[in-house]
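Please load the model in your viewer and keep the sequence panel open beside it. The stops below go from one selection to the next, beginning with a hairpin.

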Amino acid sequence: MCGIIGYAGHRPAVTVVIEGLKRLEYRGYDSAGVAFVQNKCLETVRSEGKLERLEQKLSRCDPYLATTGMGHTRWATHGLPNEQNAHPHQDQSGRLALVHNGIIENYLSLKDQLEQEGVEFQSETDTEVLVQLIGWHMHKDGLSLQRAISRALEQVEGAYALAVFSTDNPDQLWAVRNSSPLLLGVGQGENFVASDIPAFLNYTREVVFLDDHELVLIQPHSWQVYDSRNLEPVTKAPEHITWDVQSAQKSGYKHFMLKEILEQPQVIRDCLAGRIDRDTRKVVLKELEGWEVPTRVHIVACGTSFHAGLWAKYYFERWSGLSVQVDIASEFRYREPILKPGELVVVISQSGETADTLAGLRIAREKKVPVLGICNVLGSTVARESDLVLYTQAGPEISVASTKAMCSQMVALILLTLYWGQAKGTVSSDFSSKALKELESLPELMQAGIPGMHEQARSLARKYSVARSFFFLGRGENYPLALEGALKLKEISYIHAEGYAAGEMKHGPIALIDQDFPTFALVTDNDLLQKLQSNLQEVQARGGPVIALTSPGVEIRVADRWEVPKVWSQLAGFFILPALQLFAYEMAVYLGKDVDQPRNLAKSVTVE
Ligand code: F6R
């Protein structure tokens, strides 16, 4: 759960590397470091804390002659987040430097072996084992760096994307991956490796997606990919990336989270683009052509993506008559799920790199059940390992708290529901055409409605900022959104919040209610409205203040009524979601929290 970048070219490498690290900070930000070779000497500069601290340190040296360099931004898994454990790590000879993203599972036994050979370790990390092992093979067996990397990787169990260079050939940088993301950026007289595209997008849009066990050598004027196991050359071709570099930056907003919440109208447009046939008014999913409607669907995901899956279950059952099981990936992977021929596993992941979700995907494949990956990141591991991929096309999501990605997942899942409903005949063409028309009208309605919602969110956040706990309640398809509202509030404002199916309150949680424990209720016009109203009366009878997020025309008497703009009731979730996100955002801003990089969290959870 870290970001790495490597550079070989003609520019001052440290400047390029620091710039890349800034764009990768969402992957981890508890410590950072850079390595470069200057005057034939290997220099590493590392610092605890955010990148600014590293930059301050660098301003005291003069690293501007080096044209090859590497950098790392860390989210600790082994060893405290301090300077000693920050990357890059060096081998004992001081000739090699290495950065790593992932986890080396057998590092303790490898460390023992190396210590017996006289290697002295400087840190508590699994990463240092890698660089010491490579160095040891070079020193003891007289291997070239390339062969030493390959030999070391034969001994290593775990996940890695790593970059390494040696003072012997300061223009050359090697990088390799297995189960952690790594890309190659091909420039003019310069080449890059990085965990994610925005790291080098300022310099090149030509990207090579590396697969597991691919080892790449970059030099200023050339690059070559090898199979890391047998060192045979592998032919790869760059793909052109059309992302705008601005879209990976804040565009003037105070936080990425706000920018990404406000991008949701465009996200809906982008996800619908090319997926509705203008003549027949039907959903066209070219990605799924030739595949039968499954007999049963198993949705597997984590966190916010799990909530999107749970929300979609209501629609799959209601509109396409499909039986759906929704699982948290970390549970699914250790259960013994019954997966049968004809069924389909749908994994949902913004990043496409979440370790538990990937494990769920691999279980399905082992059991020979096809997998549909719904993900946002082009060329991610989910995308590459799934039988079918539906991209959500939401653009890069930088804020740690996921917002626009969920919106795009909901659009993709609604399209999928209609697509299967059309194929099975469970939705009439009139219904499908109505649903699509309503979906297409959403961006404009949202664009018009969001500023008012933002104002309301701001004033409610201030009013309730002293509360230490919240319930979020919903029924039907609003229940997963209640879970999401609670997750957003707790992860960025650190206020305790619980999402519940409203009918569950009387089975225990209502005991907590008093005048200091507000309830955020999702009261849109669905079939369960009256039942929810009774649940809320029970809360109010015990003195609990209620904020009702509701649609026009819904009768309800509560402490605070927040009416979202009018929309087809089936799609009310597309307004509920940004309202909840804006409430959490405004609360966190008011309380002075680090909105984009909340404590203890990282954007992409690539370890178990
Ligand atoms: C919450 C959040 C996380 C992610 C979860 C899954 O705001 O961002 O709960 O949703 O880590 O991530 P992906 O979708 O990348 O698999």
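Select the hairpin of strands β5 and β6, where 5 residues lie between the strands and Gly94 takes a positive phi near 75 degrees. Strands and helices here are DSSP runs numbered from the N terminus, with at least two residues (E) for a strand and at least four (H or I) for a helix. Before going further, note that this is a predicted model, in which local features need pLDDT of at least 70 and side-chain atom pairs count only at pLDDT 80 or more, while totals for chains, interfaces and linings use all residues. Residues are numbered from 1 along each chain as its sequence is written, and side-chain values use heavy atoms, with hydrogens and water left out.

Now extend the selection to β7 (residues 158–166), which runs antiparallel to β6 and is joined to β6 by 9 bridges, with Ile103 opposite Ala159 of β7. Strand β6 itself (residues 96–104) is mostly covered, 8 of its 9 residues being buried, where buried means under 20% relative accessible area, exposed over 50%, and partly exposed in between (1.4 Å probe, protein chains only).

Next select Glu128 in helix α4 (residues 126–141), whose contacts, leaving aside residues up to four places away in sequence, include His89 and Gln90; contact means heavy atoms within 4.5 Å. Glu128 is buried yet has no salt bridge, and the nearest side chain of opposite charge, that of Lys111, is 5.9 Å away. A salt bridge is a side-chain nitrogen of Lys or Arg within 4 Å of a carboxyl oxygen of Asp or Glu. The side chain of Glu128 does reach the backbone nitrogen of Ser123, at 2.7 Å.

Where do salt bridges tie together parts that are apart in sequence? By the rule above the count comes to 30 salt bridges, and one of them joins Glu385 to Arg362, with the closest N and O atoms 2.7 Å apart. Glu385 lies in helix α11 (residues 381–385) and Arg362 in helix α10 (residues 355–366), so the pair ties together parts that are 23 residues apart in sequence. Then select Asp560 and Lys463, a salt bridge whose closest N and O atoms are 2.7 Å apart. Because Asp560 belongs to strand β25 (residues 560–563) and Lys463 to helix α13, this pair links parts that are 97 residues apart in sequence. Asp560 is buried, at a relative accessible area of 13%. For a network of salt bridges, select Asp211, Glu214, Lys236 and Arg384 together.

Move along helix α13 (residues 429–463) to Ser432, which counts as buried at 1% relative accessibility and touches Arg281, Leu418, Gln422 and Val427, not counting residues up to four places away in sequence.

Finish with the cysteines. A search of the whole structure finds 0 disulfides, a disulfide being a pair of cysteine sulfur atoms within 2.5 Å. Cys271 is buried, with a relative accessible area of 0%, and the sulfur of Cys375 is 12 Å from its closest cysteine sulfur, in Cys271, which is too far for a bond.

Note on methods
Two strands pair if DSSP finds at least two bridges between them. Lys and Arg count as positive and Asp and Glu as negative; His and the chain ends are not counted. A polar contact is a pair of N or O atoms within 3.5 Å; within protein, one must be able to donate a hydrogen and the other to accept it, and residues adjacent in sequence count only if both atoms are side-chain atoms.
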